[in-house]
Amino acid sequence: MSLSNSLGLLGRKVGMMRLFTDDGDAIPVTVVDVSNNRVTQVKSQENDGYVALQVTFGSRKASRVTKPVAGHLAKAGVEAGEIIQEFRVTADTAAQYQAGANVPVTAVFAVGQKVDVQGTTIGKGFAGTIKRHHFGSQRASHGNSRSHNVPGSISMAQDPGRVFPGKRMSGHLGVDLVTTQNLDVIRIDEARQLLLIKGAVPGSKGGFVTVRPAIKVKASKGAN
């Protein structure tokens, strides 16, 4: 759930491409499909204790939806989606939508706006300390034998006699929920409901992402 009090959109990462400016410069962009975001519930302070919009994205077979969720979606009159998420919003924003309404991309984002994109990173499996924690490897010659990419001593001798929790060692890498902040919206394809965002965003092609207005926009130089 977003605590930024701003409405965002759910989407799917299509992939990356590049756009060219009038000067011939290439801009790498990530294409995000945010089509058919629909409101499944409008939560109010009186009924739920907080104000939020519950939004769903994608489509799912009716046989893949549990009965409680199917009843919830039927009450709103919307098709079952693949993911459902809530966005904390102000009361004025919540009043603009009703259950079953679609949220177009232009109602939330504009070209040149800063956004935060959240997604699940690509899974890398079991990784060593060098790759997992970006450690520096040891020298490759002059007496170093078979210890180029190993972590070395972890400094846990008789005292304290154990490994402290959180010690950076080998283990599972990836499949983490990560937010990339302050990315620029370069272009909006209103017809196909696509966002073209400058730079890379977390996740693999086809993965779900959440796009919100940036909450840590840097002040421009010279601003008081």
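1. An unreviewed UniProt entry lists Gln158 for "modified residue: N5-methylglutamine"; UniProt positions are given in the numbering used here, feature names are shortened, and annotations may be inferred rather than shown by experiment. In the model, Gln158 lies in the loop between α4 (129-133) and β8 (171-173), where helices (H or I, at least four residues) and strands (E, at least two) are DSSP runs, numbered from the N terminus. Gln158 counts as exposed because its relative accessibility is 79%, given that buried means under 20% relative accessible area, exposed over 50%, and partly exposed in between (1.4 Å probe, protein chains only).

2. How to read the model. This is a predicted model, in which local features need pLDDT of at least 70 and side-chain atom pairs count only at pLDDT 80 or more, while totals for chains, interfaces and linings use all residues. Residues are numbered from 1 along each chain as its sequence is written, and side-chain values use heavy atoms, with hydrogens and water left out.

3. The sheet. Three strands form an open sheet in the order β3-β4-β5, with antiparallel pairing; two strands pair if DSSP finds at least two bridges between them. The edge strands are β3 (38-43) and β5 (83-88), each of which pairs on one side only. On average, neighbouring strands of this sheet are turned by 25 degrees against each other, direction ignored. Strand β4 (residues 52-57) pairs with β5 in the antiparallel sense over six bridges, and Val55 stands opposite Gln85 in β5.

4. The helix across the sheet. Helix α2 (residues 67-76) lies across β3, β4 and β5 and runs at about 95 degrees to β3. Here contact means heavy atoms within 4.5 Å, and axes are lines fitted to C-alpha atoms, for helices over the stretch in contact, with angles that run from 0 to 180 degrees between N-to-C directions.

5. Glu86 and its partners. Glu86 has its place in strand β5 and is counted as buried because its relative accessible area is 11%. The side chain of Glu86 makes a polar contact of 2.9 Å with that of Tyr50, and another polar contact, of 3.5 Å, joins the side chains of Glu86 and Gln54. A polar contact is a pair of N or O atoms within 3.5 Å; within protein, one must be able to donate a hydrogen and the other to accept it, and residues adjacent in sequence count only if both atoms are side-chain atoms. Glu86 also meets Lys43 in a salt bridge between their side chains (2.6 Å, N to O), and this pair links distant parts of the chain, with Lys43 in strand β3 and Glu86 in strand β5, 43 residues apart. Lys43 is likewise buried, with a relative accessible area of 13%.

6. Further salt bridges. Side chains of opposite charge can pair when their charged atoms come close. A salt bridge is a side-chain nitrogen of Lys or Arg within 4 Å of a carboxyl oxygen of Asp or Glu, and a search of the whole structure finds four of them. One of these joins the side chains of Arg12 and Glu82 (2.6 Å, N to O), linking distant parts of the chain, since Arg12 is in strand β1 (residues 9-20) and Glu82 in the loop between α2 and β5, 70 residues apart. Arg12 is partly exposed, with a relative accessible area of 24%, and Glu82 counts as partly exposed at 27% relative accessibility.
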